[in-house]
Amino acid sequence: MIAPLPAAGLVVSAETRPFWEGCAAGELRLQWCGQCSSIIWYPRTHCPECMSRDLYWRVASGAGQIYSWTRVARGLGVWLETRDYLLAIVELAEGPRILTNLYTHDDQEVAVGAAVAVVFDTALESGLAIPRFRLAS
Amino acid sequence: MQSPLIVGAYEHPGRELPGHSVAQIHAEVALGALADAGLSLADVDGYFCAADAPGFGPVSLAEYIGLRPTYFETTEAGGASYVSHVGHAANAIRLGKCRVALITLGGKPRTGGAAPGSSGRDRNAPEFDFEDPFGPTVPALYALAAQRHMAEFGTTSAQLAAVKVAASKHAALNPHAFLPREVSIEEVLSSPMVSDPLHRLDCCVVTDGGGAIVVASLDVARSLSRRHVRILGQGEAVKHGMNGRADLTYTAAVWSGPSAFAEAGVTPADIDYASLYDSFTISVVLALEDLGFCPKGQGGPFAASGALEAPYGALPFNTDGGGLCNNHPANRGGMTKIIEAVRQLRGEAHPDLQVDCELALVHGAGGTLGTRMAASTMVLGRST
């Protein structure tokens, strides 16, 4: 059994709400540009590649690989009592590299390039959820 | 066109200042730098400060210090700010907007502030929700760059530790250094892991204090007896998440460096001494590569070769002990980088560490290597 990591409240705005609502529904939603087909990370109301406001949401696979990772000895704020947690950048199968946490079992080795899959943790206050990842077995 | 010059520099000798206000630190370094230059408060017509300045923009400190600037700037780029301020001050002086520009830094994170890494998280920042819920700390966001560099290029913890060892050898000769003791590779590797692969001794010190620089026009500089320093070129750049495609093996220095070298008309091979931003050991390794002092991926072996050790290394760096050992006031290392380069170019570094220095490079960085950052790079020259 893996102890869940802290999940602080979010400052959700209208432009990012579909992402967080997707997490709460168990879906990792990404935003695509209808003009230049870029995937936009993090979500917003225009495409930073081509200026278009013609954007749409699509459900991503939830699969990815570890781009980089670190084991943080001790956190700050709501993480102050959390020891040795894993902060990572996961490269999603669709392309974007996102900051997140990893859950592992003791016998699993964390390494750059390792395959991961999304899990969702409920965030405090909002009832929404945030995406974290576990090593794909 | 007349080239503006650095005519005054001052580093606060304090590293723990529990009884000081932040404004007082700014004023003490302002007066120190002006005294160094041989100028007075009334001579200052340009004032530059960043987000460490308490109160309302440049206004509160102008009042407290006793300045009446008719030109001001508050470019905020974390630890890189002050390197940009020097370049921007030189531009303003060239345009005739001011003649004597004062730049100040001061802060007291050691005795008066929040824990390092806990400050500056703005809940209105557009990235906030996509990063803050995951518990990032400042060391962790540098560790992500270090881990990736290790995976791609085989960089080792011992190579990173060599950066700290070189800085500590320099700090051992600095009576003001916060960590005035030489450390070994083994000591770095056996210090507690903060965020792997970064150990406690891979991190810079947390100190109170500050520093100030005075930039002046050639006309003003000619009236002063102090040896001055030529500002030959400066460049700056932002590197961010790049729409989710950021590559953490390089930094904004890949743009700020060439811009500074081009303006100065010199190449990395011409540089005699480098003040390199050293928030963490990995910051130095990436700067060495991105500024062109060694090929990409070779920063670790370059540091481990002893290249950074003064006075005989291939690229002597941070001869005051840098942020890693001497001083990192206000969690912002750009100002002290400029000051040590000025010492080298005036021939006022520690005699055992003095380089035959005609050209010095100063590199500042702000933000983090793992998310988003600003870099500012400058080439300075010895006056003839």
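Tutor: Let us begin with a loop: B:Pro311 lies between helix 10 (299-304) and helix 11 (322-326) of chain B, where helices (H or I, at least four residues) and strands (E, at least two) are DSSP runs numbered from the N terminus. This is a predicted model, in which local features need pLDDT of at least 70 and side-chain atom pairs count only at pLDDT 80 or more, while totals for chains, interfaces and linings use all residues. Residues are numbered from 1 along each chain as its sequence is written, chains are lettered from A and ligands numbered from 1 in the order in which they are written, and side-chain values use heavy atoms, with hydrogens and water left out.

Student: What kind of peptide bond joins B:Ala310 and B:Pro311?

Tutor: The bond is cis, with omega at about 0°. Another cis peptide bond joins A:Trp41 and A:Tyr42, with omega at about -5°. A:Tyr42 belongs to the loop between strand 2 (39-40) and strand 3 (55-59) of chain A.

Student: Why are helix 5 and helix 9 of chain B called roughly perpendicular?

Tutor: Helix 5 (residues 157-171) and helix 9 (residues 281-290) of chain B pack at an angle of about 100°, with their axes 8 Å apart. Axes are lines fitted to C-alpha atoms, for helices over the stretch in contact, and angles run from 0 to 180 degrees between N-to-C directions. Angles under 35 degrees count as roughly parallel, over 145 as roughly antiparallel, 65 to 115 as roughly perpendicular and the rest as oblique. Helix 5 and helix 9 of chain B are therefore roughly perpendicular to each other.

Student: Which residues make that contact between helix 5 and helix 9 of chain B?

Tutor: Contact means heavy atoms within 4.5 Å. Helix 5 of chain B contributes B:Leu160, B:Val163 and B:Lys164, and helix 9 of chain B contributes B:Thr281, B:Ile282, B:Val284 and B:Val285.

Student: How many salt bridges does the rule find across the interface of chain B and chain A?

Tutor: The rule finds zero; a salt bridge needs a side-chain nitrogen of Lys or Arg within 4 Å of a carboxyl oxygen of Asp or Glu.

Student: How do you know what area is buried between chain B and chain A?

Tutor: Buried area is the accessible area (1.4 Å probe) that two parts lose on being put together, summed over both. For chain B and chain A the value is about 3,000 Å², of which carbon and sulfur atoms give 59%. In chain B, B:Phe130, B:Phe134 and B:Asn243 lose the most area to chain A, together 26% of what that side buries.
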